[in-house]
Structures are given as structure tokens and as C-alpha cells.
Amino acid sequence: MTPIRVRNRLHRNFHPRSPLRLLLYLLLAAGVSADESGTQKWLTDEHMKLLGAARKDGLLEEALEEVRIESRVKCWSDPAAKVAADVAGRPWITRWDDAQHRKYLAFAEKRKAMRKAAAAKIVALGNEKKTAGDAALAARAWRWALTYDPENKEAHEKLGEALVEKQGWFPKEEAEKRRKGLLPIGTEWLPAKQVEARRAKWAEAWVVAGEHFEVTSNHSLAGAQDVLARVEEMYRAVVRELHGLAEPPATEGLMKIYYFASRADLDEHDRTAHGDRPGLKQAPGFFSNEDRIGHFFPLPANALNSLQDIVRHEGAHQVAYWLWKAQGQPPSRPHFWAWEGFATYFESVEVRDGKVLVGSPNHLRVKQFREEFAAGKHVPLAEFVTLDQRGVSGKYGQCAALTNFFMNAGDGKHREKFVAYVKVIHEARAEAGTFETAFGKKPAEFQAEWEAWVRALK
């Protein structure tokens, strides 16, 4: 299979998450010219301005992003900068109203303008290196500029790339072939329709890769890219919402996902890879810890949940697999609600003007539970938390709503204890008294607060 990489094509020794490392390399390797020194100072000043603006408006995720970039600059030893980083705080989002979103939009415009200006300055730095006869450093600078502004035309053109409408930037020779309606498959370039027909067979399926996941699909390139986008958004939300409570998962390379063109294709795969199990034939998608792969197919129009919800749900299970390795069989133990609660919570990931949000009380699962709650159909906490996998079946709405409560009620006051509780459950160490051990209170002692929180949801 020929991978289709959706990330920018970067030099193998150049890490896209540490762009300012390149400038430091330039300064050390070639001596500091006046232009380089001025560029470095400008970048530092602009990142610090953005950091201050983000912190001022309570945009801690954006503040930490500026810290992550700026912390790799040589001049990060400045004490004032360190203080700014230390007090940036946790980027959890427990509330997000229209007023906060307006602040985010204003900040995003400032950040966009800064990054475009930064890319232009770095392109100029590359041009200077090219004139000085150092083509390698020039090319690295132009690629670095693209980490600030992926659509910077001059940087792409300096790198010998051309734009193909609806496909992206490619080396000129490849771009010409794509403009003629050709696509690559193996070592060949064939008409798009022929390639699509061959990709429809699993042996030559599309492969798209992101930062954390890789999707193989015989459905379509667009379908594979959409699934990839959904799991990458979910991953970003998980890491942000567990910031300071769990380290990002240490995976063995990119996490794998299969997106099949049909239910029949998935069933055929299951027969050979997982056995002919009745449960798998009913599942709208699943993550298997046998092969550590997520499995999906297009859902019928009348499905209760959307494909996006299922992808995020099973993707969250996949991330949790690497976060907290099971030491037994969690489904057979009590407190299994939190296993499913974790996954259903991250079903609610949504992207609003580029901002990844999670935990909406109007997402399908929570909305359904709110209706059940109003009708008196919920299970009291003292009973609910004791349920194993079989007992939780059909109660995913309450799992989602209760997770939302422990993650967000009281501006996240229960979150730290809840995440510790979830870890025990995922590791298959749950016992009858695990809830009380984790929270220091019996489930029934949360009942009144929990019910009041549900009633207040809007």
C-alpha cells in the first residue's frame, strides 16, 4: 500500500512540533547575522505577546501552546518568561460560553496574523541563506516557515512545489501529473478512476496518516481523511482534558484504524482476524485490544448514532488502552460505567471555528439521559456504580452524563479524583469499594449534588 501522508513533508531531522529549534540551529551553525538576531528577537517578543493575551482572556490551551513553542528558543532562560509559563495553569474547558468564544476568535485572528508574519520573516531568512550559498539551510528555513503558515506560497515555490486545486502542494513534477487527472498507486501513475477502483480492494486500500493515527480504508480517500480528522480532534481533547492528571499515551507508533467500505467488508475481516462472533456483527464499530485497531464502516441513514460519534467513542477506548493498560478483564468487574462513560464523554467532541470543545449537555447521549431523568428513569448512584458491563448495557446516556458531571461540575472540582478512579477501572483493579476509596465519599453522598446538576443543564 502507498501511504498518503496528510502532514507537511518535512526534512527527516526536523521535528514539526519544535519549529524554533531551527532558528537556534541557524544561529549556532552559521553565526548570528543582524537579520537573524532581529528575527529571533521579533519571534520571542511576538510569542510572549500572544502568551500574555491568551492568559489575560483565560485561554489557557492557547497560552500553553505558545509556551510549548517559545520554550525551545535559546532566550527562554529569561526569568520573566519562565514565570509566565509556570502560571499558565491547566487548560481544561469546563465552561465555554459565547463571550469566551468571542475572546477566542479575537485571539485566533492575532495568532493567525503573527504566524503569517513569522512565516514571511523566516522565508526571508531562507532567502538570505540561499544567497549566501547555503542551500540546505535555506530549504530548512522554508520548511520551517510552513509550520507557521502551511499555505505560504513563496515558501512552497522556493521548495519547488506547486498547488493542485483541492489536493494541496506537491513537487512540481508530481503536481503536473495530478493536474492531468493522475494519481499514484505503487510505483505507477494512473487515471484517478482506475486508482479509485484499485483502492476499493483492501489489498491496495488508501492509507492516510496524521500525528497520532493512521487510517487504512477501501471506502474513499475523503472518507479516510474524515475519519482521521475526527480521531485526531478527539485525541487533542483527551490530552487537554487530562492535562496534569495523565501523561499523553506512549504508543508504539501511530495508532491504527480500519475504515471499511461496507458492513460486509468488515464482517469478512472479522471472520479471519477476530473469529465469527455474533457480537461483532451487531457492533456499529469497535476497538479491539487483540490487534489494537479501531474498526468502522459507513452507518445506515437510520442509525441512532452518527459515524463521527462511533469513531470518537471507539477512538477514546483506543487512547485509553495506551493510557491505562488493563491487568485483567474490566468488563466483568464493578464500576464499568466509567469505562463507557470515558468513551461516551469524548463522543461529544466538536470543533467550533477551530476550537476543539467537549462535554456539551446537548449532545445526543446526555440529551437522551436528561429526558430519561425527567421521566424518573435513572438509576440511583449507589446502584449504578456497582454495575458490570452487562448491567451498564442500555444505560450509556447515564454513563455520559455522569462522566460530564465528574469532569465539569463545580469547575472541575471532582475531576482529579474521577480520573484516578477511571484509571483503576481501566486497569481492571476495581473492587466493590473502589468508588469510596477514590472519592472519599459513598456514591449516595453525591446523589443530591448530581441531581441538582442535571436539573440545571440547559
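Grid points are joined across faces, edges and corners, and a volume is the space filled by probe spheres set on the points.

The lining of the second largest cavity consists of T344, Y345, S348, G359, S360, H363, R365, V366, A400 and N404. Two or more of these residues come from each of α14, α15 and α18. By class, the lining has three nonpolar residues, six polar and one charged. For these classes, Ala, Val, Leu, Ile, Met, Phe, Trp, Tyr, Cys and Pro count as nonpolar, Asp, Glu, Lys and Arg as charged, and the others, Gly among them, as polar.

## How the helices pack

Let us turn to the helices. Two packed helices are described by the angle between their axes and the distance between the axes. Axes are lines fitted to C-alpha atoms, for helices over the stretch in contact, and angles run from 0 to 180 degrees between N-to-C directions. α14 and α18 have axes 8 Å apart and pack at an angle of about 80°, so they are roughly perpendicular to each other (65 to 115 degrees; under 35 is roughly parallel, over 145 roughly antiparallel and the rest oblique). On the α14 side, W337, E340, G341, F342, T344 and Y345 make the contact, meeting Y396, C399, A400, L402, T403, N404, F406, M407 and N408 in α18; contact means heavy atoms within 4.5 Å. Nine nonpolar, five polar and one charged residues take part in the contact of α14 with α18.

α15 also packs on α18: their axes come within 8 Å and cross at roughly 105°, which makes α15 roughly perpendicular to α18. From α15, the residues R365, V366 and F369 meet Y396, G397, Q398, A400, A401 and N404 in α18. This contact has five nonpolar, three polar and one charged residues.

## An open pocket

The second largest pocket holds about 1,300 Å³ of space. A pocket is an open set of points with protein on both sides within 12 Å along at least five of seven lines. Of its 42 lining residues, E314, H317, E340, Q389 and Y396 lie nearest the centre.

At least two lining residues come from each of α12 (278-282), β9 (285-288), α13 (307-323), α14 (337-345), α15 (364-374), α17 (389-392) and α18 (396-412). α13 gives the largest share, six residues. The lining divides into 16 nonpolar, 17 polar and nine charged residues.

## The wider protein

There are 21 helices and twelve strands in the protein; helices (H or I, at least four residues) and strands (E, at least two) are DSSP runs, numbered from the N terminus. Of the 458 residues, 48% are buried (under 20% relative accessible area, with exposed over 50% and partly exposed in between, using a 1.4 Å probe and protein chains only). Among contacts between residues at least 6 apart in sequence, 65% join residues at least 24 apart.

G58 sits in the loop between α2 (34-56) and α3 (60-70) and is partly exposed, with a relative accessible area of 41%. G58 and Q100 are 42 residues apart in sequence and 8.3 Å apart in space, C-alpha to C-alpha.

## Notes on the model

Residues are numbered from 1 along each chain as its sequence is written, and side-chain values use heavy atoms, with hydrogens and water left out. In this predicted model, local features need pLDDT of at least 70 and side-chain atom pairs count only at pLDDT 80 or more, while totals for chains, interfaces and linings use all residues.

Methods: On a 1 Å grid over the protein atoms alone, a cavity is a set of points where a 1.4 Å probe fits but cannot get out, and a pocket is an open set with protein on both sides within 12 Å along at least five of seven lines; lining residues have an atom within 4 Å of a point.
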